[in-house]
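Biologist: Could you take one part of this model and go through it closely for me? I would enjoy hearing how it sits within the rest.

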Amino acid sequence: MAREFLPIARAARPWEYIPMTEDPFIAGLRAVFEADPELRPATVSAKAGLDKSTIRRMFEGAIQSPRRATSLKIADALGLSIEEIVNGTATASGGRTVAIAGKVGAGARVPVFDAYEKGDGPQVECPPGLSPHGVVAVEIEGDSMEPVYSAGDLLFYTRWSAESVPSDVVGKRCVCECEEGLGWVKLIREGREPGLFDLHSFNDQTPPMYGVRLKWAAQIKLHWPAELARKVDG
C-alpha cells in the first residue's frame, strides 16, 4: 500500500506571524514589509542602529510595545514617519515622493552628494513600480555614461550601509563615492589590488578610472529619464 504524505507548508516569514492584538506601530510596520519584498528585518534593524533581531522580535511578539525612540529609528531608516507607518499611508504608492540627495558625476567631478538631511532636500514623485522605502535619488551631471544615462536623468538606489562596497555590486552599474569625497555613476569592476576598484564609463571618449578606493557603492535600482521626472516643490 502506497504511503501518503501531506504537503510541506512554506515556512512563514517573520512578519507573517500575527498575534490576536498588536501594537499599532508593529501592525503598520508589518504592512510595510508585506508591501515591499526587498525589505529584510535584519537589514532595516541594522540601518536603524539597533540589534539585527529587533524587528524580527517585534513580528514574533517578543517585543510587544516598542519605545518611541526605537520606532523613530526604524521609521527614519525606512525614510518614513511614525505616523505614516501607523496610519497605513506608508504602503500607498500614490503621491509618494523620493528625496533627491544631489548630483553624481558621469565624467564630471562632483563633490559628495549626500548634502541634505534625510527628507529635507528636493523631492521627486516616486516612479511607478518602485517602492520609496529607503530609496534616494541623484541627478546625473556629465556625459561619460552616454548613451545609456544622460545629464539630468535621475538614478534611484538604496544605501543600507554607511561605508562598504558589497561584493554583489561588482560588475554592476552603481552610484558610489571615492576616497576623495566625489560622487560617481560607473560600472564597477575589481581592481588589480585588494580594496581597489576600476570604474568604467559607457562610451569610448571617457577612459576608465583604475585603482580607485571607494568609501561605498550601491547598485542602481532604477534609471528615470529627465523628461519623465516630476519634481515636487517643497
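Modeller: A search of the whole structure turns up 0 disulfides, a disulfide being a pair of cysteine sulfur atoms within 2.5 Å. The closest cysteine sulfur to that of Cys176 belongs to Cys174 and is 6.9 Å away, which is too far for a bond. Cys178 is in no disulfide either, the nearest cysteine sulfur being that of Cys176 at 7.6 Å.

A word on the ground rules: this is a predicted model, so local features need pLDDT of at least 70 and side-chain atom pairs count only at pLDDT 80 or more, while totals for chains, interfaces and linings use all residues. Residues are numbered from 1 along each chain as its sequence is written, and side-chain values use heavy atoms, with hydrogens and water left out.

Now to the strand itself. Helices (H or I, at least four residues) and strands (E, at least two) are DSSP runs, numbered from the N terminus. Strand 6 covers residues 173–178, and it is largely enclosed by the rest of the structure because 5 of its 6 residues are buried. Buried stands for under 20% relative accessible area, exposed for over 50%, and partly exposed for what lies in between (1.4 Å probe, protein chains only). Cys176 is buried with a relative accessible area of 0%, and Cys178 is buried with 3%.

Strand 6 has partners, where two strands pair if DSSP finds at least two bridges between them. With strand 7 (residues 182–190) strand 6 runs antiparallel, joined by 5 bridges, and Trp184 in strand 7 is the bridge partner of Cys176. These two strands form a hairpin with 3 residues between them, and Gly181 in the turn has a positive phi of about 85°. Strand 6 also pairs with strand 10 (residues 214–224), again in the antiparallel sense and over 5 bridges. There, Leu214 is the bridge partner of Cys178.

Stepping back, the protein has 5 helices and 11 strands, and 43% of its 234 residues count as buried. Contact means heavy atoms within 4.5 Å. Among contacts with a separation of 6 or more, 63% are between residues 24 or more positions apart.

Strand 1 (residues 97–105) is another mostly covered strand, with 7 of its 9 residues buried. Strand 1 runs antiparallel to strand 3 (residues 123–125), with 3 bridges joining them, and Val98 stands opposite Val124. With strand 4 (residues 135–141), strand 1 pairs in the parallel sense over 6 bridges; here Val104 stands opposite Ile140. Ala99, also in strand 1, counts as buried at 16% relative accessibility. The C-alpha atoms of Ala99 and Ala137 are 6.2 Å apart, although 38 residues separate them along the chain.

Apart from neighbours within four places in sequence, Asp153 is in contact with Val138, Glu139, Ile140, His223, Trp224, Pro225 and Ala226. A polar atom of the Asp153 side chain also lies 3.0 Å from the backbone nitrogen of Ser150. That is a polar contact: a pair of N or O atoms within 3.5 Å where, within protein, one must be able to donate a hydrogen and the other to accept it, and residues adjacent in sequence count only if both atoms are side-chain atoms.

Finally, the helices. Helix 1 (residues 24–35) reaches 17 Å from its first C-alpha to its last over 12 residues, close to the 16 Å expected at 1.5 Å a residue; the expected span is 1.5 Å times one less than the number of residues. Its buried residues are Phe25, Ile26, Gly28, Leu29, Arg30, Val32 and Phe33, which pack against helix 2 (41–47), helix 3 (54–60), helix 4 (68–77) and helix 5 (82–87). At the start of helix 1, a side-chain oxygen of Asp23 comes within 2.9 Å of the backbone nitrogen of Phe25. Thr54, in helix 3, counts as buried at 8% relative accessibility, and a polar atom of the Thr54 side chain lies 2.8 Å from the backbone oxygen of Asp51.
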